[in-house]
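Me: Hi! I would like to learn how to read a few features of a protein model. Could you walk me through them?

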Amino acid sequence: MPNDVMTAKTTVDAAAEAVFAVLADPSTHAAIDGTGWVRESLDGTPLTAEGQLFRIAMYHDRLPDGHYEMENKVVAFDPPRVIAWEPGQRVNGELEFGGWTWRYDLVSLGPARTEVTLTYDWSAVSAHLREHITFPPFGQDHLDNSLRNLSSLARLSRSGPPAR
C-alpha cells in the first residue's frame with residue numbers, strides 16, 4: 001500500500017502563537033502557498049473554530065479558464081498547537097470534499113522558536129477521483145517552500161497581534 005501522506009518540518013524563529021496567527025488568517029495563505037495556485041481569501045475572516053468554513057480563490061493553468069474556488073472546512077483547531085482543514089468544492093449547491101487535508105502541528109521550543117510540521121494527507125481520496133487527478137499533485141518542494149514562506153511571514157509578525 002502506498003504512503004498517502006507527505007510531510008515537511010522546519011523550525012521557525014517566532015513564538016507558536018505568532019505562527020498560529022499567520023496560519024489562522026486565510027488572507028496570508030496565498031503568501032504561504034508553495035505552488036502559486038492559492039490566490040486570495042474570499043471571506044476575509046480569521047479561522048476561530050473547528051467546523052468553520054472558509055473560501056479561497058485559486059488558479060491552475062491546466063484548467064480551461066484557470067480560475068476556481070475551494071471551500072475549506074476546519075477539521076482541527078487547537079491554538080497554538082494544531083490547525084488543519086479539508087478542501088472542498090460546491091457541486092450542484094452541495095459542498096463535497098475531495099479526501100485530502102492540510103495540517104500544521106506546532107511545538108513551542110521556547111518564547112521565540114517553534115517547530116512546525118506540515119502534513120498533506122490524501123489517504124481518503126476516492127479511487128474515482130484518483131483516476132482523474134494524480135496524487136500528490138505536486139512534489140515535496142511545495143511543502144518545503146510553504147514552510148519557508150510561513151517562516152518568513154511569522155518572523156515578520158513574531159510580536160503577535162497588536163495589543164487592543
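Reply: Happy to! On a 1 Å grid over the protein atoms alone, a pocket is an open set of points with protein on both sides within 12 Å along at least five of seven lines, and lining residues have an atom within 4 Å of a point. Its volume is the space filled by probe spheres set on the points, which are joined across faces, edges and corners. This is a predicted model, where local features need pLDDT of at least 70, side-chain atom pairs count only at pLDDT 80 or more, and totals for chains, interfaces and linings use all residues. Residues are numbered from 1 along each chain as its sequence is written, and side-chain values use heavy atoms, with hydrogens and water left out.

Me: How much space lies in the largest pocket, and which residues are closest to its centre?

Reply: The largest pocket holds about 1100 Å³. Its lining has 39 residues, and Trp37, Met58, Tyr68, Met70 and Trp100 are the closest to the centre.

Me: Which strand gives the largest share of that lining?

Reply: Strands (E, at least two residues) and helices (H or I, at least four) are DSSP runs, numbered from the N terminus. Here β5 gives the largest share, five residues.

Me: How do I read an aromatic pair?

Reply: Rings of Phe, Tyr and Trp (its six-membered ring) pair if their centres lie within 6.5 Å; planes under 30 degrees apart are stacked, over 60 edge-to-face, and the rest tilted. The structure holds nine such pairs. In one of them, the rings of Trp85 and Tyr104 have centres 5.8 Å apart and planes at 35 degrees, so the pair is tilted. Trp85 sits in strand β5 and Tyr104 in strand β7, 19 residues apart.

Me: Are Trp85 and Tyr104 buried or exposed?

Reply: Buried means under 20% relative accessible area, exposed over 50%, and partly exposed in between (1.4 Å probe, protein chains only). Both Trp85 and Tyr104 are buried. Another tilted pair is Trp102 with Tyr120, with ring centres 4.5 Å apart and planes at 45 degrees. Ring pairs also link Trp37, Trp102, Tyr120, Trp122 and Phe138 into a cluster.

How values were computed: 1 Å grid on protein atoms, 1.4 Å probe; cavity = no way out; pocket = protein on both sides within 12 Å on 5 of 7 lines; lining within 4 Å.
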